[in-house]
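Morning, everyone. I'll take you through a few parts of one structure. Please have the viewer open.

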Amino acid sequence: MSTGSNGSSDVSYTSFLLLSFPGLQASRILLVLPFLSLYLVIISANALVIHTVVAQRSLHQPMYLLIALLLAVNICAATTVVPTMLFSFSTCFNRISLTRCLVQMFCIYFFIVFDCNILLVMALDRYVAICYPLRYPKIVTGQLLVGLMGVAAARSAGIVAPVVGLASGVRFCRSDVIHHFACEHMALMKLSCGDISLNKTVGLTVRIFNRVLDMLLLGASYSRIIHAAFRISSGRARSKALNTCGSHLLVIFTVYSSTMASSIVYRVARTASQDVHNLLSAFYLLLPCLVNPVVYGARTKEIRQHLAILFQRAQLQVPTEKP
C-alpha cells in the first residue's frame with residue numbers, strides 16, 4: 001500500500017479483509033457448520049453422480065459425459081467460493097491479497113459462464129439426437145465434443161477477462177474491508193476511489209448480452225427439440241425424449257433464474273442490508289451446485305438405475321450383527 005492518509009487519492013490497498021455478513025458480528029462463527037455441511041453435501045452429491053458415469057461403460061455417451069462435466073464444474077465453482085467463505089468467518093484468516101482476489105473473481109465468473117456454455121452444448125447434443133437420430137453417432141463424436149468444450153472454455157475466458165482486467169487497473173483507497181464472503185466484482189468496486197463508470201458499463205453490458213444470447217439460443221434449440229419430440233410415433237421414445245429435455249430445462253431454469261434474481265435484487269433493492277445481498281450471492285452461487293446432481297441423479301433413468309445398484313451393493317457389504 002502506498003503511503004498517505006486513509007481515503008486519499010495516493011493510497012491504493014493491495015490486500016483486503018473479507019468481512020462476510022457484517023451485521024452478525026461475533027455470531028459469524030456459527031455459520032461455519034451449516035456452510036461446511038452444505039459444501040460437503042455438494043461435493044458428495046456431485047462426485048457420486050460423476051463416479052457413476054465414469055465407472056459404468058454404458059454411460060460413456062455424449063449426454064452423460066456432458067452431465068459429468070457439468071457436475072465437475074459445480075464442484076470447482078463451490079470450491080472456489082466456500083473455503084474462502086469459511087475463512088472469512090474467522091478474524092485470523094480473512095485477509096486476501098489483491099492478486100488472489102482478482103484470481104478468485106476470475107474463477108468465480110469463469111465457472112458460472114462455463115456452466116452456461118455447457119448447457120448450450122447439451123442443448124445442441126439433444127437437438128441432434130432428437131431431430132437427426134440416425135445421423136447422431138456420426139455427427140456428435142468425441143472429437144466434436146472436445147472442440148466444443150474448447151470453444152466453450154475460450155468463450156468463458158473471453159467474457160470474464162475484460163471485466164477482471166479492468167478491475168485490476170482500479171485503485172482502491174476508500175477502505176481495505178470487502179463486505180462480502182468472496183471477491184465479488186461490485187463488492188470490490190465499492191472500495192475504488194476513481195471513476196469506475198467504464199467497469200460498470202462493461203460488466204453490465206457483458207452480462208446482459210451473454211444472458212440474452214444464451215436464452216435466445218436455448219429457446220430456439222428446445223422449441224425445435226420439443227416440436228420434434230411430439231412428432232415421434234413411439235410413445236415410449238417420445239416420453240423418454242421429453243423427460244430428458246425436462247431435466248435439462250429444470251437445470252437451465254435453476255441456473256438462470258438464480259443468477260437473474262440476484263442481479264435484479266442487487267440493483268433494485270438498494271436499501272436492503274449487506275447481509276441480505278451476501279445471502280443472495282451465496283444462493284445464486286451454490287444453489288445450482290446443489291440442485292444439478294439431484295435433478296440428473298433422480299430424473300435420468302440410466303443414472304438412477306446405476307445409483308440404485310451402487311447403493312444396494314454398499315448395503316450388502318455392510319456387515320450385519322448375528323443374533
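Start with a pair of helices. Helix H1, residues 32-55, packs against helix H9, residues 274-299, at an angle of about 35°. Their axes are 8 Å apart. The crossing of H1 past H9 is left-handed. Keep in mind that this is a predicted model.

Who makes the contact? From H1, we have Phe35, Leu38, Val41, Ile42, Ala45, Asn46 and Val49. H9 brings Ala282, Leu286, Cys289, Leu290 and Pro293. Now sort them by class. Eleven residues in the H1 contact with H9 are nonpolar, one is polar and none is charged.

Next, helix H2. H2 has 27 residues. From first C-alpha to last, H2 reaches 39 Å, close to the 39 Å expected at 1.5 Å a residue. There is a kink, though. Where does the kink in H2 lie? At Thr79, shortly before the proline Pro83, and the kink is about 25°. How covered is H2? Mostly: 20 of its 27 residues are buried.

Now move to the loop between H2, residues 62-88, and strand E2, residues 95-97. Ser90 lies in that loop. Is Ser90 buried or exposed? The relative accessible area of Ser90 is 18%, and buried means under 20%, so Ser90 counts as buried.

In sequence, Ser90 and Asp176 are 86 residues apart. In space, the C-alpha to C-alpha distance between Ser90 and Asp176 is 16 Å.

That's my tour. Over to you.

Technical notes
Residues numbered from 1 in each chain as written. Predicted model: local features only at pLDDT ≥ 70, side-chain atom pairs only at ≥ 80, totals over all residues. Heavy atoms only, no water. Axes fitted to C-alpha atoms, helices over the stretch in contact; angles between N-to-C directions. Helix = DSSP H or I, 4+ residues; strand = E, 2+ residues; numbered from the N terminus. Left-handed = near helix turned anticlockwise from the far one by under 90°. Contact = heavy atoms within 4.5 Å. Nonpolar A, V, L, I, M, F, W, Y, C, P; charged D, E, K, R; others polar. Buried < 20%, exposed > 50% of the residue type's maximum accessible area, 1.4 Å probe, protein only. Expected span 1.5 Å × (residues − 1). Bend = angle between axes of the 7 residues up to and from the residue.
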